[in-house]
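Please consult the sequence and the model while reading.

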Amino acid sequence: MSTDPLLEVRDLRVGFRSDEGLVEAVRGVSFRVEEREIMGLAGESGSGKSQTLLAIMGLVDSTNAEISGSIRFRGQELIGMGGRGLDRIRGNDMAMIFQDPMTALTPVYKIGTQIVEQIRAHETCSRRAARARAVELLRTVGIPDPGGVAERYPHQLSGGMRQRAVIAMGLSCNPALLIADEPTTALDVTVQAQVLDLLMELRDAFGSSLILVTHDLGVVAEIADSVSIMYAGRLVEQGPKRALFRDPQHPYSWGLFGSTPPFEGAKPDRLSAIPGAPPKLSNLPAGCAFRPRCAHAFGACAELPELSSGAHRHACWLPDESRARLRPVEGSAE
C-alpha cells in the first residue's frame with residue numbers, strides 16, 4: 001500500500017511584488033495531511049494561514065504574486081498546473097469552506113441552484129438528479145425543510161443556515177480534502193458547536209480529510225488530530241494535538257495558550273496578552289520574527305531558527321532545559 005499522504009506541502013512560499021519589494025506572506029511552509037486527518041492551522045490574523053490555503057486551492061490569482069515550492073495532492077503537483085487541471089480538482093477532489101458564507105454565496109441565485117451548478121460542473125447527471133442530491137445534502141448538514149431552503153436566496157437564511165449551505169456545497173462531490181477557513185468565526189457559540197459537531201460527523205460519513213484554519217485554540221482542541229501554528233508567514237510549531245496541548249514548546253504558542261481561557265480547572269480573573277503586534281511583512285526583524293515580542297529572546301534569536309526534527313517540532317533557539325523552566329502556562333490534553 002502507498003504511504004504517500006493525501007496532501008504534502010513542501011517549502012511553500014507566496015510573495016507579492018510591491019513598491020517595497022517582494023513581500024512574502026508565506027515563507028517556507030511544509031506539512032502533510034493524511035487520509036481522514038483533521039489538521040488545525042492556528043495563529044493570529046495576518047500570519048499567512050489564508051494565503052496558504054488559497055495557494056493550495058490555486059486561488060492566488062494576483063498578477064503580482066510569486067509562488068514557489070511544492071504542493072502535491074494525491075501525488076499530483078499543483079503548482080504550475082493549468083487552469084483546466086485545477087478546475088477538475090477544485091470542488092471535486094478538494095473543496096473549500098470560506099470564512100464568510102454571505103460572500104461565498106451568490107446573492108442573486110437560490111441556494112439549490114448554486115449547489116446544482118456545483119454538482120453538474122463535475123458530474124454527468126440531469127438537473128433533476130442534481131437537485132435531488134442538493135436537497136439530500138442540505139438534509140445531511142442538518143437543515144430543516146431542505147426542499148424549502150433550496151428555494152430560498154442567501155439573504156433569507158440565518159448565518160448558521162448559510163454556513164451549513166456552504167458546507168453542503170463543499171461536500172456535494174464527496175471531496176477527499178475539505179479546507180475550512182475559519183468557518184465558525186461569525187457564528188454564535190451554540191451554532192459554532194453544532195457546526196464543529198457536523199464537521200466531525202461528516203469526516204466519519206464521507207471519509208474526508210480536513211484542514212481547519214482558526215485563531216481559536218478551543219476550536220482546535222475540539223476536533224483536530226494535529227496542529228500547526230503559524231507566525232509571520234512561517235510555521236513555528238507543529239505536532240499531534242495531544243502532545244502540543246500538553247507541552248507547547250514555542251514562546252508564541254505559550255502566548256496563544258495564555259490568552260485563551262483554560263480548557264479545564266479554575267478560570268483566571270484576567271487573561272494575559274501577547275505584548276506588541278505582529279510585524280509588518282515588508283519589514284520583518286532579522287532572525288526569529290517573534291523576537292521583538294518574546295520575553296525570552298536572547299542573542300541566538302538574531303538567527304532564523306528552523307523547525308526541529310521529530311513528530312512534535314518547533315522553531316525556537318531556547319535550550320530544552322530552559323524551555324521547561326520558562327514556560328508560563330500549562331497545556332491541556334483535550
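Axes are lines fitted to C-alpha atoms, for helices over the stretch in contact, and angles run from 0 to 180 degrees between N-to-C directions. Helices (H or I, at least four residues) and strands (E, at least two) are DSSP runs, numbered from the N terminus. The model is predicted, with local features requiring pLDDT of at least 70 and side-chain atom pairs counted only at pLDDT 80 or more, while totals for chains, interfaces and linings use all residues. Residues are numbered from 1 along each chain as its sequence is written, and side-chain values use heavy atoms, with hydrogens and water left out.

Helix H4 packs against helix H5 (residues 127-140) at an angle of about 115 degrees, the axes lying 9 Å apart. In contact, meaning heavy atoms within 4.5 Å, are Ile111, Gly112, Ile115, Val116, Ile119 and Arg120 of H4 with Arg127, Ala130, Arg131, Arg133, Ala134, Leu137 and Leu138 of H5. Eight of these residues are nonpolar, one is polar and four are charged; Ala, Val, Leu, Ile, Met, Phe, Trp, Tyr, Cys and Pro count as nonpolar, Asp, Glu, Lys and Arg as charged, and the others, Gly among them, as polar.

H4 also packs with H7, at about 20 degrees and with axes 9 Å apart. This angle makes H4 roughly parallel to H7, a term for angles under 35 degrees. Ile111, Gln114, Ile115 and Gln118 of H4 meet Ala165, Ala168 and Met169 of H7, a contact of five nonpolar, two polar and no charged residues.

H7 (residues 159-170) in turn approaches H8 (residues 189-206), their axes coming within 10 Å and crossing at roughly 15 degrees. H7 is therefore roughly parallel to H8, and the crossing is right-handed. Gly160, Arg164 and Ile167 in H7 touch Val191, Gln194, Val195, Leu198, Leu199 and Leu202 in H8; by class, six are nonpolar, two polar and one charged.

The largest pocket holds about 500 Å³ of space. On a 1 Å grid over the protein atoms alone, a pocket is an open set of points where a 1.4 Å probe fits, with protein on both sides within 12 Å along at least five of seven lines, and lining residues have an atom within 4 Å of a point. Of the 21 lining residues, Gly91, Met96, Phe98, Gln118 and Met169 are the closest to the centre. Strand S6 (94-97), H4 (111-122) and H7 each supply at least two lining residues, and H4 gives the most, with five. The lining comprises 12 nonpolar, six polar and three charged residues.

Key. Angles under 35 degrees count as roughly parallel, over 145 as roughly antiparallel, 65 to 115 as roughly perpendicular and the rest as oblique. A crossing is left-handed if the near helix is turned anticlockwise from the far one by less than a right angle, and right-handed if clockwise. Grid points are joined across faces, edges and corners, and a volume is the space filled by probe spheres set on the points.
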